[in-house]
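Subject: Structure handover

Hi,

Here is the structure for you to look at. My notes follow below it.

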Amino acid sequence: MGGPPWLAWTFASVVIVVAAYCLTRLLVSWRQHRPSDRRIDAIHVLMGVAMAGMLVPRLRVFWAGGWEVVFGISAAWFAWLAIREFRGRATVGGRPGHHLQHVLACGAMLYMFLAAATAAKTGGPAMSGMAADAAHAPTLALVLAFALFGYVIWTADRLSSLAPVAALAAGAAPVPVFAGAAAGGGASPAVGGEDGHGTPGDDGQAPPSHGQQVPLSPRLAACCEIAMGVTMGYALILML
């Protein structure tokens, strides 16, 4: 791939840490019944492993063509959730259309693996030099990169609005709706709503009661979104 090897290893290390952390969130949420959007944590685990293998080939753990299937299905799933939201079928508590950000991320992953596979079949480099390939669409890569970087900036700008775990534990602050939007996680079914994005109140903002577990950190979840967005944007830039 293009770019300095040390930078590729740096980004690969970052996404591996993100994947490990999100896997930990899944286990803690399951064992301790603490609210977290398990779908988003799961897709971050998959994205972290996939991106690490794309950036550093020796870290690949999946067969050729496997990731395309995974992210194709994931993009379709989040697109269905987004359509259901816009049709008014989603449960309360989530920002309308927030699933679109995950459609974008899964779509970007799908595009990168399809482009890399096309270049490999035609004998070109997997990441750099693909602009010369007739099947490659550098304009789409640029659009996806700008969209991801825009989302990263938007998320980072609102990071401070997310309640820290200490405040949630003390019941001093509500679980903000933005936690389900920018952090890639609404509450899990342990908090309320069959879709994992609602809380007991109609406004989707209710402090944890004595019968509820403290949600996993929405700020760290948002940081995972930021790290994945920057890494995917970097990989897309290499494809120009």
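I'll start with T231. Setting aside residues up to four places away in sequence, T231 touches F11, V15, M51 and L55. Keep in mind that this is a predicted model. T231 lies in helix α8. Its relative accessibility is 1%, under the 20% cut-off, so T231 counts as buried.

Leaving out neighbours within four places in sequence, M232 is in contact with M47, M51, A105, A108, M109, M112 and L148.

Now the core. The largest nonpolar core has 45 residues. The members that touch the most others are M47, M51, M109, M112, M232 and L236. At least two core residues come from each of α1 (5-32), α2 (38-55), α3 (66-86), α4 (100-121), α5 (138-157) and α8 (218-238).

Then the packing of α5 with α8. Their axes are 9 Å apart, at an angle of about 155°. That angle is over 145°, so α5 runs roughly antiparallel to α8. The crossing of α5 past α8 is left-handed.

Which residues meet there? From α5: A141, L144, A145, L148, F149, Y151, V152, T155 and A156. From α8: A222, E225, I226, G229, V230, M232, G233, Y234, L236 and I237. By type, the residues of this contact are 15 nonpolar, 3 polar and 1 charged.

Best wishes

Conventions
Residues numbered from 1 in each chain as written. Predicted model: local features only at pLDDT ≥ 70, side-chain atom pairs only at ≥ 80, totals over all residues. Heavy atoms only, no water. Core = buried A, V, L, I, M, F, W, Y, C linked by side-chain atoms within 4.5 Å. Buried < 20%, exposed > 50% of the residue type's maximum accessible area, 1.4 Å probe, protein only. Helix = DSSP H or I, 4+ residues; strand = E, 2+ residues; numbered from the N terminus. Contact = heavy atoms within 4.5 Å. Axes fitted to C-alpha atoms, helices over the stretch in contact; angles between N-to-C directions. Parallel < 35°, antiparallel > 145°, perpendicular 65-115°, else oblique. Left-handed = near helix turned anticlockwise from the far one by under 90°. Nonpolar A, V, L, I, M, F, W, Y, C, P; charged D, E, K, R; others polar.
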